[in-house]
Amino acid sequence: MWADSLDELVSITEERIGRQGLYFGTASFQSFANRKQTNVLALKALRLDIDAGPEKFAKHGPEAVYETQKDALAACLGFFRDSAIVPTYIVSSGAGLHIYYCLTESLEPADWLRLAKGLTALGQKHQLRIDSSVTQDSARILRVPGAPHPNGKSVAILKRTGVFHEPAKLREALGLLEVPPAAKRHSINDDLDLTVQGPPSSAEKIVLHCGALAHVADQRGNVPEPYWRAMLGLVKRTVEGLDIAQDWSSGHPDYDPDEVEAKFNAWSTGPTTCMEFAKHSKACQSCPNRGKVKSPINLGLMTSIEIQTLPPETQLGPVSEAPVADAAGKKAEPKPWDGHIPAGFRVVPTADNHHALVIDMQVEKESATGEMVPVIIPVAFTNSVFWFSQWAEADDTDDNAEVIINLWTGSYIKRYTMDQSLIASMFKLTEFLSGKSIHTTTHRKAAQAMQDYVKAQMQHIRNDSKNLKVTDHLGLRTLESGELVCVQGKYTIFPDGTIRETMLSAQLRSLARHFTIPVPNKNQEVFGPEIWDEYILPRAHKHAGFMRQYYGAPGMERFQLAIMMSMASPLMAFVTGDYAGGPALPNNSSLTVSLYSRETARGKTTAAKTAIMAYGMPDNLSNDSGKAGATVNARIGTLSLHGTMPSIMDEMGDLLPGEVATTVSSVANGAGKKTFTSNRVMRQESTWALINVITTNVSQRDMIAVARSAAGPVLYRMLEIDVDGMPEYDMDKAEVFRDAWADLCRDSAGALGAVIHRQICFLGMENMSKLVRKCVARAEKLVGANQSDRFQSRGLGAMLALDLILRHAKIEVFDILPLVETFKVAHNANVEYVLDNLLPDEPLQQLSQFLLDIAPDTIVTQDENAGGFRAPVDRPLNSRVPEAPVARHILSKALTYVATSALKKWCSERGVSERSILHAAREARVMVTFDRQGGPKVHHRVISRSYDNKTLTKGMACDMKITCKAYTFSVGRLNTLLRSQENGFELVESEQQPQEQEVAEETGT
């Protein structure tokens, strides 16, 4: 039961004083809607609730309850004495006590709660057993003095002191400091100026429920002017507006339509309140809606069906985001999110100059008249402004569609890629967004609003923002349309010159940020063809001019060659003519260029960086640092991401020979390892076709030669350029060079490569294949290339094609003719090195090399006698008899016995296969094999084993007796076979060769 005043409350209480269960509210409330703390208007007393009595004592124990009321009263008196704070009333609640501290003025709930908490804390400090849930509840009801208690006693005032407390002094007595005004913080719920948009209101409906307005309507305005003006202020906010204001004013003797319109338009505040009408009409006293509404405008709210009959401009709809203007009326600057926020959502500024995303939710609510009316409720669901700009379809079954999120930080835009499958789950969506600092507010509908916003964003961009998605490698690729495009960093260059931002996989994004294209606005996603002449081409010319200035002098041709070959990297995709389009690049289309000098500080790394700056940021693309920088497998894996973009491996001198050989061979092969997924599906890393530049202080040729394993083919897959003896660096120009270098990195990195890519894409797949293949054919003639050194001639062909492309773009870098001659010098040096230093690949040739290598440790005799007392003695024919022989050669039989351990050691040291040599020797009948009884058997089809126990010093007059497991090789047959291979004819043999017959006769088989 509610009362409008204290007098009315007292009257109602006195009428019911003898009833059980009589309580009163200890606060005044804003409305009669409910008795909740959120509805509390003000409070004028603090109170303590002290529980006592055997029943509660048994239930809650001595820590919370006093056993008797007398014990409770004694404790309270001690508290009053110690705290020096005297209560206004001490009331017996029937079993326990209610202690009231009345105030001299009413307090708002927040101020009152601070005092209540202070009083509770003080009481607990003195071990007073207080029920804090009652003490700090602003909406609490307590028993009325004089009302009966269920235990038969009455609630009674035990002591009235007459002391009223000033809040400020009480605050001081409680030890509470004065609270300074709270600093404003970014709270999405407190700082937003959001208004609930209710449905329109009809004066014709209001008049049915408001007697005060009905009286004005009945009198046609013939009422006192203040009363009439109250009507104008109300109907101005209705759908009938001026028309009904004129009608309800026309009955006054002094009616003037112009005056009505003027006063109608002059009303600038909200609708007239019930309080104002109550000053002029007694009808408000008996109004059934009294206390339920603040203004009669709420009695005329229209239903959804009624609203549909109105003109569209007056119907309920989402709140539009009005453009903000400054004091001078100048239109505000455009916002980054302009045009990106879907209908039904808007960006709202907060009090601390931040922004929040708001959804306008339309819900049905019951009006004061009992009807369901539509209401638009603005819900601030996040204090982060973000929007979608691009999306891409899934690549394959194992992939998911993705979308780009743009997050406004207040000064710039950050971009993230999100899996579209997250949109289906509210929990996963909010979890992902929270990881990007996009949090929902505390509103109970915030998470749902966030999901609705994200879905609306997808619909907003679906029709016109679909983008290319790349998950495998950067560089060149053909689309399903047949267009040849290039992905340089995060941008894709199209044949018409358009540049679009690209959707990249996570592993590509980490690399792509280093391959750049200079653009004027990095937040822009699409650039038209005009950007080339206006922005990119001038920077490409600037880079070319830098290279001519610092590397164009005579004597610098070796650096020029390395720079041009590195920049020709994208053209390696066309050197074999096998590029058929799609994302996959052709294998065996890559080359390593090794910049080598024995001395440090020769400028190798700087030259390599100058080249790769054509495609991106040089310091980020060349931080390999040899063995400490990455493993061989990691380097190869990175190449699979490069695609056709050039690569630098800096300071590679500390790698092991085998690691160098593996790296160079893998680069040329153009394909990484095959692996299996957890589902047993075979997966291979992307292929590549590129130029890889190595800088080193150790000859990579020597390293590969030491490795020996297939060293010849590996060396032909690399071009080593020795830069020792280059012109000395001019230290006087060092500072100028560094300044120019820094400016170039900052302003022009990626420009020259972008121009090269645009020319390639413009020419298209077919024309590029023809152009590059012609250049490769020309290169093969220039260097006299054969099949073994095809990788080097392909690299030269790519460089020749690059020169044509740059000339077509009117960009001058270096004169190509001296570079061809420099290439031929490096190529010829490589060929000579292979011929002079490397093992042959054919196993019988390797066996011959082995026999030559062990010649110093081989005993040579004319015959091999059986030994014994009367047998002739075999004398060594060596000028110097080896101290530890590992083999014996018999001239008369052209046979050599070789310790098996010697062959194994030799093969291990040189990285060749012992098994291959033995197999080839048996197949060619160069090896003498033995049957099960240990006798020699030249014919190899029935073989028990390939060795026999031999005494290398048998029949010799010496103190040594060297016995070992040994192979027996027919050196005469080996030499005959090698000569036939060299002369280009095949040795045709009978079933048993004469040499075999001789061996058989000598051994008695």
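Q: Which strands does helix α15 lie across, and what angle does it make with β11?

A: In this predicted model, helix α15 (residues 446-461) lies across β11, β12 and β13, and it runs at about 50 degrees to β11.

Q: What is the strand order in the sheet that holds β11, β12 and β13, and how are the strands paired?

A: The order is β11-β12-β13, in an open sheet of 3 strands with antiparallel pairing.

Q: Why do β11 and β13 count as edge strands?

A: Each of them has a single partner strand, so one side of β11 (386-392) and one side of β13 are left without a neighbour in the sheet. From one strand to the next, the twist averages 25 degrees.

Q: What makes us say that helix α14 packs on the sheet?

A: Helix α14 (residues 426-434) touches β11, β12 and β13. Its direction makes about 150 degrees with that of β13.

Q: How do you know that β12 and β13 are paired?

A: Two strands pair if there are at least two bridges between them. Strand β12 (residues 402-408) and strand β13 (residues 413-419) are joined by 7 bridges, so they pass that test, and they run antiparallel. If you want a spot to look at, I405 stands opposite Y416 in β13.

Q: Which residue in the hairpin of β12 and β13 takes a positive phi?

A: That's G410, with a phi near 110 degrees; the hairpin has 4 residues between the strands.

Q: Why are α30 and α32 called roughly perpendicular?

A: Angles of 65 to 115 degrees get that name. Helix α30 (residues 843-853) and helix α32 (residues 914-923) pack at about 105 degrees, with their axes 8 Å apart. The angle falls inside the range, so the two helices are roughly perpendicular to each other.

Q: Which residues make that contact, and how many of them are nonpolar, polar or charged?

A: From α30 come P843, L844, Q846 and L847, and from α32 come S916, I917, A920 and A921. They divide into 6 nonpolar, 2 polar and no charged.

Q: Why is S590 called buried?

A: The cut-off for buried is under 20% relative accessible area. S590 has 0% relative accessibility, so it counts as buried. You'll find S590 in the loop between α18 (557-567) and β21 (591-596).

Q: How do you know whether M613 is buried or exposed?

A: Use the cut-off of under 20% again. M613 is at 0% relative accessibility, so it counts as buried. Its place is in the loop between α19 (604-612) and α20 (618-621).

Q: What does M613 touch, and how far is its C-alpha atom from that of H543?

A: Not counting residues up to four places away in sequence, M613 touches H543, P618, W741, L744, C745, A749 and G750. The C-alpha atoms of M613 and H543 are separated by 8.5 Å, though these residues are 70 residues apart along the chain.

Q: How many helices and strands does the protein chain have, and what share of its residues count as buried?

A: There are 34 helices and 33 strands. Of the 1005 residues, 49% count as buried.

Technical notes. Residues numbered from 1 in each chain as written. Predicted model: local features only at pLDDT ≥ 70, side-chain atom pairs only at ≥ 80, totals over all residues. Heavy atoms only, no water. Axes fitted to C-alpha atoms, helices over the stretch in contact; angles between N-to-C directions. Parallel < 35°, antiparallel > 145°, perpendicular 65-115°, else oblique. Contact = heavy atoms within 4.5 Å. Nonpolar A, V, L, I, M, F, W, Y, C, P; charged D, E, K, R; others polar. Buried < 20%, exposed > 50% of the residue type's maximum accessible area, 1.4 Å probe, protein only.
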